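Thanks for making the time, everyone.

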Amino acid sequence: MPEGWEWDSTLFRGCAAYYERGRLPYAPGFAETLAATLGLDGRGRLLDVGCGPGTVILPLARYFTEAVGIDPDEDMLAEAERQAERRRVTNARWVAARAEDLPAGLGTFRVVVFAQSFHWTDRDRVAATVRDMLEPGGAFVHISDFQKPPAEQPAPLPLPTPPYARIGDLVHRYLGPVRRAGQGTLVNGTPDREDLVLARAGFENFERHAVTSGAVADRTADDIVAWVFSRSDSAPHLFGDRLEDFERDLRAVLRQTSPDNRFAERLPATEIMIWHKPHGER
C-alpha cells in the first residue's frame, strides 16, 4: 500500500453519488480494444477489483459468461447495480470485499481487471493471489487514463477549461497541504511501477495499448463540483461542517473562470496494460 498509509472504510465515503456525473469516461472503444486483444468470445469469467459504480465492468460484461465486481464501498456497489439495470446488463454480480480479501471463494477467472484501483492495495500480496485465481494464460489488466501529451498542438477548445490548479489550491486551503485519503494522508502520493510488481508475481508477456479519444466534453459547474466530490482526496465527509462553505467557494472559483459556468476539456486517451499468467501454470 502507499507508504505510511492504512486503508479504512471512509476512503470513498459519499463519493458514489457523484461518480457517474463527475468523472470523465474512458475512451470510446476501450472495451472493444481489450476484447480484440485478448480474443474474448463470450466465454469465461471477468473479475473487476475495485469496480466502483461499474465504469469498466459493465461495458466489458458482454464479452464473458459472468462478470463479478468487488468493492469495499457498499454505496459504490449499489450504484453499480443501478447502472447495470439501466444498461440491461444481466450477467454481472456484486460482492462487498477488498482486494486483500481475495480469493474470497470467487473461483477462477479468464481476466482480472483493475481500473485505477491497484495502487490502493497491498500490491505484491494481491498480485500473487490474482495469479492463482487466473486460469492458465489468463490476463491481469490495468486500465487508467493515459497522460502523455499529444504530438501535435491541439485545436483551441470552444470554452474555458476547468481551473484544476485553483481547485487543488482551494482543497488544500480547507484540508491542508498533504493529500487526504480516508482518515489518513498520502505524504508521497500513490505508488506506480506496476510492471515491477507484476514481474515479481510471475506474470509475463506484457503489452500496452493506448486507446485515443479526441472527443471534447462540454462540462457544467455541477459536473466539476461532482468531479471534486467523487475523489478520495476531496470526499464530502472530509470537510465536515465546512462542506457548504467549501462548495460555495468552489462555485465562486468556477464562476471566476467561466461566468456562465460552462467548460470544455478533451477526453484523455485510455491506457490498457496487460500481463499474462504462464500457460503452464495451474
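This is a predicted model: local features need pLDDT of at least 70, side-chain atom pairs count only at pLDDT 80 or more; totals for chains, interfaces and linings use all residues.

Which residues of β1 point one way, and which the other way? Arg45, Leu47 and Val49 point one way, Leu46 and Asp48 point the other way, and all are buried, where buried means under 20% relative accessible area with a 1.4 Å probe and protein chains only. With 5 of the 5 residues of β1, residues 45–49, being buried, the strand is largely enclosed by the rest of the structure.

Residues are numbered from 1 along each chain as its sequence is written, and side-chain values use heavy atoms, with hydrogens and water left out.

Strands here are DSSP E runs of at least two residues and helices are H or I runs of at least four, numbered from the N terminus; two strands pair if DSSP finds at least two bridges between them. β1 runs parallel to β2 (residues 66–71), joined by 5 bridges, and is also parallel to β4 (residues 109–115), over 4 bridges. Leu47 stands opposite Val68 in β2 and opposite Val112 in β4.

The open sheet has 7 strands in the order β3-β2-β1-β4-β5-β11-β8, with mixed pairing, and its edge strands are β3 and β8, each pairing on one side only.

Finally, helix α2 (residues 30–38) lies across β4, β5, β8 and β11, while helix α4 (residues 74–87) lies across β2 and β3.

Technical notes:
Buried means under 20% relative accessible area, exposed over 50%, partly exposed in between (1.4 Å probe, protein chains only). Contact means heavy atoms within 4.5 Å. Axes are lines fitted to C-alpha atoms, for helices over the stretch in contact, and angles run from 0 to 180 degrees between N-to-C directions.
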